[in-house]
Amino acid sequence: MTQTTARGRAQDRARVAGAQDHEVKYEATKEGVSKDAVKKAVKSAGNSRKKVEAEIGRR
């Protein structure tokens with residue numbers, strides 16, 4: 001079993017995995033938008049959580 005370091009967890013939390021439904025749902029609920037809006041933001045801005053949130057804020 002691989003053990004994740006604290007740095008690995010921090011880097012993982014800094015990203016939004018657009019293919020993982022639970023991450024898309026969490027971000028959609030947090031931002032108050034639809035899951036489709038989050039997926040579009042990930043597609044246009046990349047998977048950085050900060051960039052995704054900025055992209056959602058522009059809409």
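Ser48 sits in the loop that links α3 to α4, and in this predicted model Ser48 counts as buried because its relative accessibility is 18%, where buried means under 20%. Apart from neighbours within four places in sequence, Ser48 is in contact with Ala14 and Arg15. Just after α3, Gly46 adopts a positive phi of about 95 degrees.

Along the principal axes, the C-alpha atoms fill a box of roughly 40 × 20 × 20 Å. Of the 59 residues, 24% count as buried, while the accessible surface of the chain comes to about 4,500 Å², with 49% of that area belonging to carbon and sulfur atoms. Among the contacts with a separation of 6 or more, 29% are accounted for by residues 24 or more positions apart.

Helix α3 spans residues 35-45, and its buried residues are Ala37, Val38, Ala41 and Val42. These residues lie on the same side of α3, because they cover an arc of only 135 degrees around the axis. The other side of α3 carries Asp36, Lys40 and Lys43, which are exposed. The partners against which the buried residues of α3 pack are α2, residues 21-31, and α4, residues 49-58.

Which residues make up the largest nonpolar core? That core consists of eight residues, namely Val16, Val24, Ala28, Val38, Ala41, Val42, Val52 and Ile56. At least two residues of this core come from each of α2, α3 and α4, and α3 gives the most, with three residues. In soluble globular proteins, nonpolar side chains tend to be buried together. Val16, one of the core residues, touches Glu23, Glu27, Val38, Val42, Asn47, Arg49 and Val52 when residues up to four places away in sequence are not counted.

| Residue | Relative accessible area | Contacts |
|---|---|---|
| Glu23 | 15% | Arg15, Val16, Ala17 and Arg49 |
| Glu55 | 16% | Ala41, Ser44 and Ala45 |
| Ser48 | 18% | Ala14 and Arg15 |

Glu23 lies in helix α2 and counts as buried because its relative accessibility is 15%, where the cut-off is under 20%. Val16 of the nonpolar core is among the residues in contact with Glu23, as are Arg15, Ala17 and Arg49. Glu23 and Lys43 are 20 residues apart in sequence, and their C-alpha atoms are 14 Å apart in space.

Glu55 is found in helix α4, and Glu55 is buried because its relative accessible area of 16% is under the 20% limit. Where does the side chain of Glu55 make a polar contact? The side chains of Glu55 and Ser44 are joined by a polar contact of 3.3 Å.

Technical notes. Residues numbered from 1 in each chain as written. Predicted model: local features only at pLDDT ≥ 70, side-chain atom pairs only at ≥ 80, totals over all residues. Heavy atoms only, no water. Buried < 20%, exposed > 50% of the residue type's maximum accessible area, 1.4 Å probe, protein only. Helix = DSSP H or I, 4+ residues; strand = E, 2+ residues; numbered from the N terminus. Arc of directions from axis to C-beta. Contact = heavy atoms within 4.5 Å. Core = buried A, V, L, I, M, F, W, Y, C linked by side-chain atoms within 4.5 Å. Polar contact = N/O pair within 3.5 Å; in protein donor to acceptor, adjacent residues only side chain to side chain. Areas by Shrake-Rupley, 256 points an atom, 1.4 Å probe, with all protein chains shown as cover.
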